[in-house]
Amino acid sequence: MPHNHTRSTRRAAHLALCAAIAATTGTAGVAAAEPTPGRNGAQCPRWTALLVPGTYETTAASGQAMPEILAQLGQSLTARYGSDIEVRTLATTTTTTTTGAGSVSATELTAAVSGLCSDTRVVVAGYGQGAEVTGDLAASIGNSKGPIPASRIVAVALVSDPRRDPTTTQIGTPVSGQGVTGSRSQSFGELTERVRALCLEGDSYCSTTADSSPVLAAVSRALATTSATSAPATTTAKAPTTTTSAPTTTTSTGQLSASQVLAQVVTVLNGLASFTANVPAIINDLAQLPGLIANSDVPGLHRVSGDLNNQFNPLVAMADGLDLRLVARALKLAAPLDTTGVAMIAAEIVGVLAGLDISRIATDIGQAQEIAWTAAERLAKGDPVAAILALTGLAPIAADLLSTTATAFTGNGFPALTQTYGTATTAGAGAPTGTGGTAPQNGATPVFDGTAYDTAAPALTDWIEQAIDRTK
């Protein structure tokens, strides 16, 4: 989520075969009871806790951070129950550039549960897309269609579940709306009293209403009528301050679930408003570059390179690991269902951005900023000759930057489009989001800070520990 959630995230199965499950097991803590032998003679822990992150959140082995709320839960369970409990963090090895760090599929989670010791009791907690597959599995188990009997499930926690049903008992204060992909087709059956949802107001994945997020509601309805969504290409970007030569990647990934697509749409909509607001300043700074270089204007180049770094940051963060072509396609599909008209405007903007080599732009800006800063430092030390010499090599970088951005930032078409988007999404702004910001009322998605869930970790942990203690 990333909801960098990041924040974000959010199940029909991937086409990929079942991937290996990466596990982290806690062993420190209180004195443990003698474990129970498993079906193969192995020693079974009394309880096993499976933690299921979502898209863009995996284990440290993949270079991505697991949601803090799940990390805190795992640490607390290990500290309280010691070797009586095995804590596993599931992470898919089916990682594609289209789904970011990847998220555990229904097939992978089912395989993990099926492979547990036959006598261990099970706790499952999922976040984002991880909550979606966890909830789907719980519904199957609760209706006697799962890989293990319902009697072995101790507790199921669904954090930021994109399929949250308002009738599911919630941890903490109940929130409005429901999951962005709609409720599940079946209840949790026998597990109903052992399932809890944790959702915070303003979270676009689990607390969406047609009034607060009409574009997302339209996208959700459009995806519901589309059997499969193919992702034709992905733009992978790095931070502007990081020099990288990673090229744009094109890949074909087959089917994606509706919530995977929605996870990308939410991320893009969350970053689009701030980026489009920067477009006039970007155009102005790009126009200044040739003259500043021709005049060897070190202070001016230092200022403009820093400005461009800040102005492009929302685009780089928004596009990192996402497939902008896929998002543009989803928004275009939703446009006929969106009475605000914002979906179509956003689709056009994202379509233009999908044609940019964002990684190349980020690289150029990073190199330009480094050169300009070096020149400024030498000038500050009273050596103007060294400062001018430091600018050597900046001209071709600036030329490449101007060439790479030309399709979007020359002419009046794209700037006018972004201005229209800004007007459409800010009219009537001012409603609170619950996170200290404001929510545009004409179609924009309120920006939700996923770190807000960190403060809810104790309540989640308390409920799960109480459920475990009742099984002693």
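Colleague: What makes a residue "buried" here, before we get to the numbers?

Modeller: Buried means under 20% relative accessible area with a 1.4 Å probe. This is a predicted model, and by that cut-off buried residues make up 53% of the 472 residues in the protein chain.

Colleague: And the surface, what is it made of?

Modeller: The accessible surface of the chain comes to about 18,400 Å², with 54% of that belonging to carbon and sulfur atoms. As for the fold, you're looking at 13 helices and nine strands.

Colleague: How do you know which residues line the largest cavity?

Modeller: Lining residues have an atom within 4 Å of a cavity point, and for the largest cavity they include Val304, Asp364 and Leu401. Helices α6 (298-319), α9 (358-380) and α11 (394-409) each supply at least two residues of that lining.

Colleague: What makes the lining of the largest cavity divide as it does by class?

Modeller: Leu, Val, Ile and Ala count as nonpolar and Asp as charged, so the lining comes out as ten nonpolar, one polar and one charged. Asp364 is in that lining, and so is Ser305.

Colleague: Which element gives the most to the lining of the second largest cavity?

Modeller: That's α3, with four residues. β5 (121-127) and β6 (153-159) each supply at least two. This cavity has about 60 Å³ of space, and its lining has nine nonpolar, one polar and no charged residues.

Definitions and conventions. Residues numbered from 1 in each chain as written. Predicted model: local features only at pLDDT ≥ 70, side-chain atom pairs only at ≥ 80, totals over all residues. Heavy atoms only, no water. Buried < 20%, exposed > 50% of the residue type's maximum accessible area, 1.4 Å probe, protein only. Areas by Shrake-Rupley, 256 points an atom, 1.4 Å probe, with all protein chains shown as cover. 1 Å grid on protein atoms, 1.4 Å probe; cavity = no way out; pocket = protein on both sides within 12 Å on 5 of 7 lines; lining within 4 Å. Points joined across faces, edges and corners; volume = space filled by probe spheres on them.
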